[in-house]
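Have a look at the model first, then read along.

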Amino acid sequence: MADEKPKPVPIEKSFLVQKFAKLRFGTTSVVGYSVAGEETVVQIPELNVCFDIGRAPHFSLTSDIVCITHSHMDHLAGLGYYLSQRAFQGMKPGTVIVPREIERPVDQLLRCWREVERQGTPYTLIPMSAGQLYEVRRDFGIRALATHHGGPSLGYALISIREKLKPEYMGRTGPELAQMRKQGVQIQYRLEVPLVVFLGDTTIGSVFDHPDVQNAQILITECTFFDSDHRAKAKAGKHMHMEHLAEVLPKLNNRYIIISHVSRRTGIRRARSLLRKRIGAEQMQRIHFLMDFEGARDEGDVENVGPPPADTKE
């Protein structure tokens, strides 16, 4: 039946030696680290994308594209290292997507690093505005979403782009469809399916009304504060509080919701307990904390998931 709920899928949790998280949801993995004020770096390896770069841990080097959400140091400190290491390893230049307003200072920063290192580290910088779609290839794109963190900030949606035959042409033969194409008839329509959305740092706002945010299979959203006496801190820093999350949950259709950027003031175990009490066990079934290592297994040395050592002499 159409309204039947999907059967729960066991989530494989693991961690790398340095306690970077690894969650696997079917064929999609979420790898990373996110603690408020320290470092945020989240990779979707199967889609070749890293959201923010933190301090550029070794695994992040394997993503050709980095989407920077905003200019705070804990989200982009490792950008120069990421680009330099990729050049050193003989990998193709990294592509860095940034909010349009910070394109110039980020470019200046990277040019300074070129001078400091005395080498022409290559890179491609893509400035984005809210609503803009960057087509990585014909069947895959990245859409920028306006978030609410004070100053320029964006979230990003990874979009599967598909061409579907229009219903009115179903049942037509191959030769008939080919002839219609020759005659200029548009027999297909474009279908965009949000796969993963990453919101970076944000407080509650209209971003949670965006169709990509509501319908992505995987939504990665911050929720920094959980204790009742931390609401003022959430407001001051323009971060999410547990009460904000509880407010938006009813309109989110995501199969998996991953909570990132939890403050050490609370800790994962307490945050999970408080959230369960607030929203109930049924809603908690689709919620996962990125940095929750309880019951996780050791995935192995982080060096094993980065690029191979370079042959180049240092």
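Which residue in S10 is the bridge partner of Leu133? I looked it up, and the partner is Arg143.

**Entry: ground rules.** I am working with a predicted model, where local features need pLDDT of at least 70, side-chain atom pairs count only at pLDDT 80 or more, and totals for chains, interfaces and linings use all residues. Residues are numbered from 1 along each chain as its sequence is written, and side-chain values use heavy atoms, with hydrogens and water left out. Helices (H or I, at least four residues) and strands (E, at least two) are DSSP runs, numbered from the N terminus.

**Entry: the sheet with Leu133.** I traced S9 and strand S10 (residues 140–146), which pair in the antiparallel sense over 4 bridges; two strands pair if DSSP finds at least two bridges between them. They belong to an open sheet of 7 strands with mixed pairing, in the order S9-S10-S11-S12-S13-S14-S15. Its edge strands, each pairing on one side only, are S9 (133–137) and S15 (287–289). From one strand to the next, the twist averages 30 degrees. For such angles, axes are lines fitted to C-alpha atoms (for helices over the stretch in contact), and values run from 0 to 180 degrees between N-to-C directions.

**Entry: the sheet of 9 strands.** I then followed another open sheet of mixed pairing, whose 9 strands run S8-S7-S6-S5-S4-S3-S2-S1-S16. Here S8 (123–128) and S16 (297–300) are the edge strands, each with pairing on one side only. The twist in this sheet averages 25 degrees from one strand to the next. Inside the sheet, S3 (residues 28–35) pairs with S4 (residues 39–44) in the antiparallel sense over 5 bridges, and Ser34 has Thr40 of S4 as its bridge partner. Helix H2 (residues 79–88) packs on this sheet and touches S6 (65–67), S7 (94–99) and S8, where contact means heavy atoms within 4.5 Å. The direction of H2 makes about 160 degrees with that of S7. Helix H3 (residues 103–117) packs on the sheet too, touching S7 and S8, at about 165 degrees to the direction of S8.

Entry: I found H2 mostly covered, with 7 of its 10 residues buried. (Buried means under 20% relative accessible area, exposed over 50%, partly exposed in between, using a 1.4 Å probe and protein chains only.) Among the buried ones are Leu79, Tyr82 and Leu83. The buried residues of H2 pack against S6, H1 (73–76), S7, H3 and S8. Gly90 follows H2 and has a positive phi near 80 degrees.

**Entry: H8.** In helix H8 (residues 268–279), I noted buried residues including Ile268, Leu274 and Ile279. Seen down the axis of H8, the buried residues fall within an arc of 165 degrees, so they line one face of the helix; the arc is that of the directions from the helix axis to the C-beta atoms. The face turned away from that buried side carries exposed Arg269 and Lys277. The buried residues pack against H7 (242–248), H9 (281–284) and S15. Gly280 follows H8, with a positive phi near 95 degrees.

**Entry: the loop between S5 and S6.** Which residue other than glycine has a phi near 60 degrees? I found Asp52, in the loop between S5 (49–51) and S6. Asp52 is buried, with a relative accessible area of 0%. Ala56, not a glycine either, has a positive phi of about 55 degrees. Ala56 is found in the loop between S5 and S6 and is buried at 5%.
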